[in-house]
Each structure stands twice: as C-alpha cells, then as structure tokens.
Amino acid sequence: MSEPTVQFLQKAGLITLIASFTLGAASLPVPAVDENRSEKKSETVVVAGGCFWGVQAVFSAVKGVSSAISGYAGGSKANAHYDIVSTGTTGHAESVQITFDPSQISFGQLLKIYFSVADVSLE
C-alpha cells in the first residue's frame, strides 16, 4: 500500500472516531415537522459544510444511508483539488452526496444529524 494511501486511511479512521463521538454527543431536538415515510427506495441529497471526510464518515454509519460520497460543490472543475480548495479561494464547498432509503430514515432526521456534526456558520 502506498504511503499517501496509508496516511489517508489513518486520517479517515481518526475522523470516523471523532465523528462517532460527536454524533453521540449531539443534543439537537427531533424535527417538529418532518416528511412522512416514503415508499421510495432511494433519495439523494447533497450537503456541504466543514470537513467532508468527517461528514461522510458519519453518514456512512447511519442506518438507512446506502452511500455517502465526498466531493466539491461550486467552483470550476479545473481547480477542484483538495490542496487548492483548502485555500478558500476557489468558490468550492466540501460536500457529501448522501443516498438514503426514506422508509428507514427521514430527510428531517438526516438534517438533524447534519447540523449536529457539520461545521457551518450562520454569520
């Protein structure tokens, strides 16, 4: 296994551990209004905010989520590379595409998880 791959896996493992503790400590209220359970087997939502590896790790462990894929939203394809995006000058946001089964988890429940772990600011 290559050195960059090993470093990535170590970082992802640490992020997963941190994210699981953060999720366990979340104390946000249950959504007051939420969608009814759907008969659809799959829906997709994209969220952005903070470290996409941490957000991806959390959602990958949620029952009813079939995939969580990290990527970038906004900006141009030419500079959608981690080192460049990290400068904050590209117009990109680190994001995660979440595919879920709405008969197992609602959109409101996903948002509750998202707001308990994402690094978002309303300023």
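Author: Buried here means under 20% relative accessible area, exposed over 50%, and partly exposed in between (1.4 Å probe, protein chains only). Helices (H or I, at least four residues) and strands (E, at least two) are DSSP runs, numbered from the N terminus. This is a predicted model, where local features need pLDDT of at least 70, side-chain atom pairs count only at pLDDT 80 or more, and totals for chains, interfaces and linings use all residues. Residues are numbered from 1 along each chain as its sequence is written, and side-chain values use heavy atoms, with hydrogens and water left out.

Let's begin with helix 2, where F52, W53, G54, V55, A57, V58 and F59 are buried. Because seven of its nine residues are buried, helix 2 is largely enclosed by the rest of the structure.

Three strands form an open sheet in the order 1-3-2, with antiparallel pairing (two strands pair if DSSP finds at least two bridges between them). Strand 1 and strand 2 stand at the edges with a single partner strand each, so one side of each has no neighbour in the sheet. From one strand to the next, the twist averages 25 degrees. Six bridges join strand 1 and strand 3 in the antiparallel sense, and V45 has I98 in strand 3 as its bridge partner.

Helix 2 packs on this sheet and touches strand 1, strand 2 and strand 3, contact meaning heavy atoms within 4.5 Å. The direction of helix 2 makes about 160 degrees with that of strand 2; axes are lines fitted to C-alpha atoms, for helices over the stretch in contact, and angles run from 0 to 180 degrees between N-to-C directions. Helix 4 also packs on the sheet, touching strand 1, strand 2 and strand 3, and its direction makes about 20 degrees with that of strand 1.

Next comes the largest nonpolar core, with 18 residues; such a core is a set of buried Ala, Val, Leu, Ile, Met, Phe, Trp, Tyr and Cys residues joined through side-chain atoms within 4.5 Å. V47, F59, V65, V96, I98 and L110 have the most contacts inside it. Helix 2 gives the largest share of this core, five residues.

Finally, a closer look at A68, which is found in strand 2. A68 is buried, with a relative accessible area of 9%. Leaving out residues up to four places away in sequence, A68 touches Q56, F59, S60, V96 and Q97.
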